[in-house]
Amino acid sequence: MLNPASDRSFTSGLLREMVREIMFRWYRMWGGTVAVDKTPQNVQVFLNSSPPRSLCDCHGVPGVREYPNARQIMVRDTGHLNWYAIWFIDKKNQVPDDTKMKWKDWVHVTKLDPDKQLKPGDIDAIAASGTDALMLSGTLNVTKENLASLLKQVKTYDLPLVMEPAGPEAVLMQGIDYVFVPSVINSMDVQWIVGKHRAWVQLQKGKIPWETIVPEAYIVLNPDSSVGRVTKAICDLRPSEVAAYATIADHYFHFPIVYIEYSGIYGDPNVVKSVSDVLDTSFLYYGGGINSAEKAAQMSKFADTIVVGNAVYDQGAAVLKATVDAIQ
């Protein structure tokens, strides 16, 4: 990874690799497009440095000036000392606030169920696995009491904490970094799309910290799972139908996250790919049956973030570490 505090020289071949790496990291983190003025043979890359302002002004990319908050990296031809610019245009046409967008940088999340018990030492191993965040989430028998107990066990570790509520009656926000609020958009029951959300807002009486709330468009695809039965999700969907739901979530409702949930079984990679292909601004989460490095690597080809849950309880933290290593 490039060190943003230093200047480095590259040959033309390394320049191409550098541009590819930056494009990949930028797209995974923020999305958007990349434009390059020219491709010099030998360049120095200046990240977070201060080249002469006049040079920044005169080497723009045609069409980029209409984006006032576009980010750029200045590069210089070391043979002729000419400046060039690599521009990064954020998909929302504004520079992201790093303090509020950290969840978009995650590639691996571990889901912990308040209704299940971990073995002694498991949480230490989970925290040391390299997972990017811990999500407190379950479908059955989730209460404020067992959520608080689980939170007490994990809050001492230096990991972001996410609360994903199963209903309005058991939502923790104190000591939580984000609240991911699911809407099961392929449910036949409107309560799981917006009804329980209305009840939650009324219960909170205007005390919701909206800056920590991240809506999720859940597409549940395992009819035998607890979440599939409870939410009355329509699960027998063709890839094109799942992609259509995802398109609506992204382009019509503007959900920040589309979550493909197979819950306990390994899903169809072709379905996940079909969703990935239609998403523009939404980030794609995948959960279900990730219990090996191979499965994690396969789904990470299409999903921005992989969620591992049951494997932690069924096979232990060693499997979790393997899934982390496979995608990071």
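This is a predicted model: local features need pLDDT of at least 70, side-chain atom pairs count only at pLDDT 80 or more; totals for chains, interfaces and linings use all residues.
Local features rest on pLDDT of at least 70 and side-chain atom pairs on pLDDT 80 or more, whereas totals for chains, interfaces and linings use all residues. Residues are numbered from 1 along each chain as its sequence is written, and side-chain values use heavy atoms, without hydrogens or water.

**View 1. Helix H7 (residues 239–252) against helix H8 (residues 269–278).** Helices (H or I, at least four residues) and strands (E, at least two) are DSSP runs numbered from the N terminus. The two axes come within 8 Å and cross at roughly 35 degrees; axes are lines fitted to C-alpha atoms over the stretch in contact, with angles from 0 to 180 degrees between N-to-C directions. Pro239, Val242, Ala243, Ala246, Thr247, Asp250 and His251 of H7 meet Val271, Ser274, Val275 and Val278 of H8 (contact: heavy atoms within 4.5 Å).

**View 2. Helix H5 (residues 195–204) and its cover.** Gly195, His197, Trp200 and Gln204 are the buried residues of H5 (buried: under 20% relative accessible area, 1.4 Å probe, protein chains only). Strand E9 (178–184) and strand E10 (213–220) are among the elements covering them. Lys205, just after the helix, has a positive phi of about 50 degrees.

**View 3. Ser187 in the loop between E9 and H5.** Ser187 has a relative accessible area of 9% and therefore counts as buried. Its side chain reaches the backbone oxygen of Thr231 at 2.5 Å. Apart from neighbours within four places in sequence, Ser187 is in contact with Trp192, Ile193, Thr231, Lys232 and Ala233.

Conventions
Buried means under 20% relative accessible area, exposed over 50%, partly exposed in between (1.4 Å probe, protein chains only). A polar contact is a pair of N or O atoms within 3.5 Å; within protein, one must be able to donate a hydrogen and the other to accept it, and residues adjacent in sequence count only if both atoms are side-chain atoms.
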